[in-house]
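Have the sequence and the model open while you read.

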Amino acid sequence: MLADYLIAGLLLTGGGFALIGSFGLARLSDFYKRLHGPTKATTLGVGCILIASSLHLSLRGPTLSLHELLITLFLFISAPVSAHLLVKAALHLDPRAKPPLPPEQ
């Protein structure tokens, strides 16, 4: 019974994060701001959903289900790297889009 509540909480949290990340992708103004939606919030949302799936399959099945945990690990490693590469490519294409340095004190 407690595991069902934990799984439901992870699914709701993951769905909320994915929804917020999707809104950020659709509503923010420029490329650099839009990149935060899928790389931050949506990554956490999909991670929570995959962990809930792994927990559900491990409790209901005969063995542990580690496939989802491996997918989550790959997602958490690859999302920041791909976001960094996208920003580097965008800055290479338009160097004027680079934000100004903060003023020195």
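## Starting inside helix H3

Thr43 lies in helix H3, which covers residues 36-60. Helices here are DSSP runs (H or I, at least four residues), and strands (E) need at least two; both are numbered from the N terminus. Before going further, some housekeeping: this is a predicted model, where local features need pLDDT of at least 70, side-chain atom pairs count only at pLDDT 80 or more, and totals for chains, interfaces and linings use all residues. Residues are numbered from 1 along each chain as its sequence is written, and side-chain values use heavy atoms, with hydrogens and water left out.

Is Thr43 buried or exposed? Thr43 counts as buried because its relative accessibility is 7%; the cut-offs are under 20% relative accessible area for buried, over 50% for exposed, and partly exposed in between (1.4 Å probe, protein chains only). Leaving out residues up to four places away in sequence, Thr43 touches Pro38, Leu75, Phe76 and Ala79, where contact means heavy atoms within 4.5 Å.

Further along helix H3 sits Ser58. With the sequence neighbours up to four places away left out again, Ser58 touches Thr63, Leu64 and Ser65. From Ser58 to Pro103 there are 45 residues in sequence and 54 Å in space, C-alpha to C-alpha.

## How confident is the predictor?

The chain's average pLDDT is 87, and 100% of the residues score at least 70; pLDDT is the predictor's confidence in each residue, from 0 to 100. Among the elements of the chain, helix H1 (residues 2-27) has the highest mean pLDDT at 92, while helix H2 (residues 31-34) has the lowest at 83.

## Helices H1 and H4

Do the end-to-end distances of these helices agree or disagree with their residue counts? For H1, 26 residues at 1.5 Å a residue should span 38 Å, and its end C-alpha atoms are 37 Å apart, so the two agree. H4 has 27 residues and should span 39 Å; its end C-alpha atoms are 38 Å apart, which also agrees. The expected span is 1.5 Å times one less than the number of residues.

In H1, the buried residues include Ile7, Leu10, Gly14, Ala18, Gly21 and Gly24, and what covers the buried residues of H1 includes H2 and H3. In H4, the buried residues are Glu68, Thr72, Ala79, Ala83 and Ala90, and they pack against H2 and H3. Ala79 is one of the residues that Thr43 touches.

Helix H1 also holds Tyr5, which counts as exposed because its relative accessibility is 56%. Tyr5 and Asp94 are 89 residues apart in sequence and 48 Å apart in space, C-alpha to C-alpha. Leu6 is in helix H1 too, and at 47% relative accessibility Leu6 counts as partly exposed. Leu6 and Leu55 are 49 residues apart in sequence, with 9.1 Å between their C-alpha atoms.

## Salt bridges

How many salt bridges does a search of the whole structure find? It finds two, taking a salt bridge as a side-chain nitrogen of Lys or Arg within 4 Å of a carboxyl oxygen of Asp or Glu. Side chains of opposite charge can pair when their charged atoms come close.

| Pair | N to O distance |
|---|---|
| Arg60 and Asp4 | 2.5 Å |
| Asp94 and Arg96 | 3.4 Å |

The side chains of Arg60 and Asp4 meet in a salt bridge. This pair links distant parts of the chain, with Arg60 in helix H3 and Asp4 in helix H1, 56 residues apart. Arg60 is partly exposed at 48% relative accessibility, and Asp4 is partly exposed at 37%.

In the other pair, Asp94 is partly exposed, with a relative accessible area of 29%, whereas Arg96 is exposed at 75%.

## A nonpolar patch

Which residues make the nonpolar surface patch of about 370 Å²? Ile51, Leu64, Leu66 and Leu69 do. Patches take residues with over 30% relative accessible area and no salt bridge, joining like charges within 9 Å and nonpolar side chains (Val, Leu, Ile, Met, Phe, Trp, Tyr) within 5 Å. Accessible areas come from the Shrake-Rupley method with a 1.4 Å probe, and for residues only the protein chains shown count as cover.

Leu66 sits in the loop between H3 and helix H4 (67-93). Leu66 counts as partly exposed because its relative accessibility is 48%. Leu64, another member of the patch, is among the residues that Ser58 touches.
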